[in-house]
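Let's take a friendly walk through a protein model. Please have the sequence and the 3D view open as you read.

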Amino acid sequence: MEIIVASSIGVLTAGGVYLLLRLRTFPVILGLALLSYAVNVFLFASGRLATNLPPVLSPYGDASYTDPLPQALVLTAIVISFGMTAVLVMIGLGAFLEADSDQIDMEPEENGADAANEGSA
Amino acid sequence: MHWIILPVVLPALLAPVIGFVMRHDITLARIASVAGTVLLLAIALGLAYMAADGTTHVYRLGNWPAPFGIVLVLDRLSALMVLLTSALALIVLIHAISTGWDARGRHFHALFQFQLMGICGAFLTGDIFNLFVFFEVLLIASYGLMIHSGGKDRMRAGLQYVVMNLAGSTLFLFALGTLYASTGTLNIADLALRVPEIPAEEAALVRVATILLMIVFAVKAALFPVQFWLPASYSNAPAPVAALFAIMTKVGAYAILRVHTTVFGPGSPGTEDLAGTWLFPAAIVTIAIGAFGVLGARRLMPLIAFSVVGSMGTLLVAVAVFSTTATTAALYYMVHSTFAAACLFLIADLVVTRRSGDALQPELPTRQNGLFAALFFAAAIAMAGMPPLSGFLGKLLVLDAIREPGLIGWAWSAILIGSLLTIIGFARAGSVLFWKSTAITVPDAEDGETEDSAASIQSPLATVGQVAPVMLALAVLGGLAIFAGPVSAYLDNTSAQLFDRAGYVEAVLSPVEER
């Protein structure tokens, strides 16, 4: 099971980083979503992998349980990344409607601004 | 002892009230926001007084004992940072209201209060996961403030800023997962207890977590190689927001100080030499980038943004030494550079709104050209580190604190040459903006009554409320220089307390007293 979890985290992260480097709004949003999935699974694994164990101590002397803290952390991380993705979609949409371009980097912008300045000077 | 949580609770309660109840009435929102910020300043003063005796106050939420429950910790350092935040916030808020920036978009005051909540929380928390949560709170508010009043460039810069910080947040979570997997705790005091117990040869995972956390904080602190987002974001943000963001880079520096001193600092065999080794060269390069950026900038706002990058480099050079004297110097410089950067952004806003843009080219002088020139001059010498303002003393303290043979050459030459380049950059910008503009009035008047000269005569006079925040920030800088003795004595105690790891651990992990 370790190899499946580890490789899925790896594949998700690699895909996320690749999409992030595309520097266009839609791939970047997808890339950040993939990265947040990867980090959620990673946080789960940080409490050691266990199957079919309850996240609470059993009062009947059965000492086997899984660490509940990473589950709480993952829950927080999911909520935050969900909200952040929504904000990102809205700002990305706003930027696209304002600038008519879905480029994330500002390079062409700067050139345009300079050209305009030189034109007016 | 519920005072400790008030800097978080007060803005958190005020923000929704402003956002929902007062959204149609800007006057009411302004009154509530100013009242809240003044109250926050009063609370911060009280907390600073409380922390001044040197005890580490711990606030346990729900009275759960420390490694299991969430704690807020108030020591001299966090009290100082909260005080710095609230003083800066008040100055920025007066500027935003008197220039009307807050009315150019929706929900400025609600977002402003949420931003203060996140910043104060990040300074007060004693739990590294809560540090992440407060980072997210302050970031999501800053996303809204960053694109306040909209516009093409601002939206695109805002998008870039959001993407950069979301990637940073993901990295933060990876670091926290690694740290939890190798130590089993996320409480800073508990970590400070467990990390030193890990022998050097088994510390591989913790070392990875150390560096990952440092990269995350470096993104916030605009440290090379992750400084590239700052000039675009700060120069396109609304000016009062950029001035408030002067404290955001310091959140990163604070987090490095807190986490990499208390948890991974001296005394942890696996990680103690790691942070300084990587931080120092990165900070040197950051100074160089800031200085060249100031020299090469063709617009005023990027010029100031690059000077912020340079000042963060100077600050982190001092932090990277991880000694008490260097930390004292770093803290003094941190207080100074926060107000200096904010002051520059505010005065630049007054100038830029009276010109056609922030391009560094001669234009007809605005009314009160002399006043603006004098204020810009004062702020610029503060930022560049010239006497008599506190920048000089701050840089002197930093230079004086770095005496290690391997570091002294790099640090001294980087800071001194960087300061020289910054002075040249600011001198050039100031002379183009304020002096050359007076020279071109005469030939332009020959061309007849152009629109420009009419516009320059009609450019509005700065009101007292618009100049007061700049004056206030300059007064703080002057005060820092005049009272440098008492201030650095207080900061000496602060850094001594920061390096007193055992005292911190004992205060936080001590059993809960029955009430």
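With 0% relative accessibility, Phe217(B) counts as buried. This is a predicted model, where local features need pLDDT of at least 70, side-chain atom pairs count only at pLDDT 80 or more, and totals for chains, interfaces and linings use all residues. Residues are numbered from 1 along each chain as its sequence is written, chains are lettered from A and ligands numbered from 1 in the order in which they are written, and side-chain values use heavy atoms, with hydrogens and water left out.

## Aromatic pairs

A pair of aromatic rings is described by the distance of the centres and the angle of the planes. Rings of Phe, Tyr and Trp (its six-membered ring) pair if their centres lie within 6.5 Å; planes under 30 degrees apart count as stacked, over 60 as edge-to-face and the rest as tilted. Over all chains, the structure holds 16 aromatic pairs. One of them joins Tyr143(B) and Tyr161(B) edge-to-face, with 5.8 Å centre to centre and 85° between the planes. This pair links distant parts of the chain: Tyr143(B) sits in helix α5 (residues 128–146) of chain B and Tyr161(B) in helix α6 (residues 152–183) of chain B, 18 residues apart. Helices here are DSSP runs (H or I, at least four residues), as are strands (E, at least two), and they are numbered from the N terminus. Are these two tyrosines, Tyr143(B) and Tyr161(B), buried or exposed? Both Tyr143(B) and Tyr161(B) are buried.

Phe172(B) and Phe217(B) also form an edge-to-face pair, at 5.7 Å centre to centre and 85° between the planes. Phe172(B) lies in helix α6 of chain B and Phe217(B) in helix α8 (residues 204–221) of chain B, so this pair ties together parts that are 45 residues apart in sequence. Ring pairs also link a cluster made of Tyr143(B), Tyr161(B), Trp229(B), Tyr234(B), Phe245(B) and Phe345(B).

## Salt bridges

Side chains of opposite charge can pair when their charged atoms come close. A salt bridge is a side-chain nitrogen of Lys or Arg within 4 Å of a carboxyl oxygen of Asp or Glu, and the structure holds 6 of them over all chains. In chain A, Asp102(A) forms one with Arg24(A), where the closest N and O atoms are 2.7 Å apart. Asp102(A) lies in the loop between α3 (68–99) and α4 (107–120) of chain A and Arg24(A) in the loop between α1 (2–20) and α2 (25–45) of chain A, so the pair ties together parts that are 78 residues apart in sequence. Asp102(A) is partly exposed, with a relative accessible area of 22%, and Arg24(A) is partly exposed at 37%.

In chain B, Arg194(B) and Asp190(B) meet in a salt bridge (3.3 Å, N to O). About one helical turn separates them, because they are 4 residues apart in helix α7 (residues 188–194) of chain B. Arg194(B) counts as partly exposed at 34% relative accessibility, whereas Asp190(B) counts as buried at 6%.

## Around Met301(B)

Met301(B) is found in helix α13 (residues 300–320) of chain B. It counts as buried, at 8% relative accessibility. Which residues does Met301(B) contact, leaving aside its neighbours within four places in sequence? They are Ser235(B), Ala239(B), Phe345(B), Ala348(B), Asp349(B), Val352(B) and Asp358(B); contact means heavy atoms within 4.5 Å.

## Chain A and its meeting with chain B

Chain A has 4 helices and 0 strands, and buried residues make up 31% of its 121 residues. Where chain A meets chain B, the contact takes 40 residues from chain A and 32 residues from chain B.

Together the two chains bury about 3300 Å², 73% of it on carbon and sulfur atoms; buried area is the accessible area (1.4 Å probe) that two parts lose on being put together, summed over both. Arg156(B), Leu159(B) and Tyr180(B) supply 23% of the area that chain B buries against chain A, more than any other three residues. How many salt bridges does the rule find across the interface of chain B and chain A? It finds 0 there.

Methods: Buried means under 20% relative accessible area, exposed over 50%, partly exposed in between (1.4 Å probe, protein chains only).
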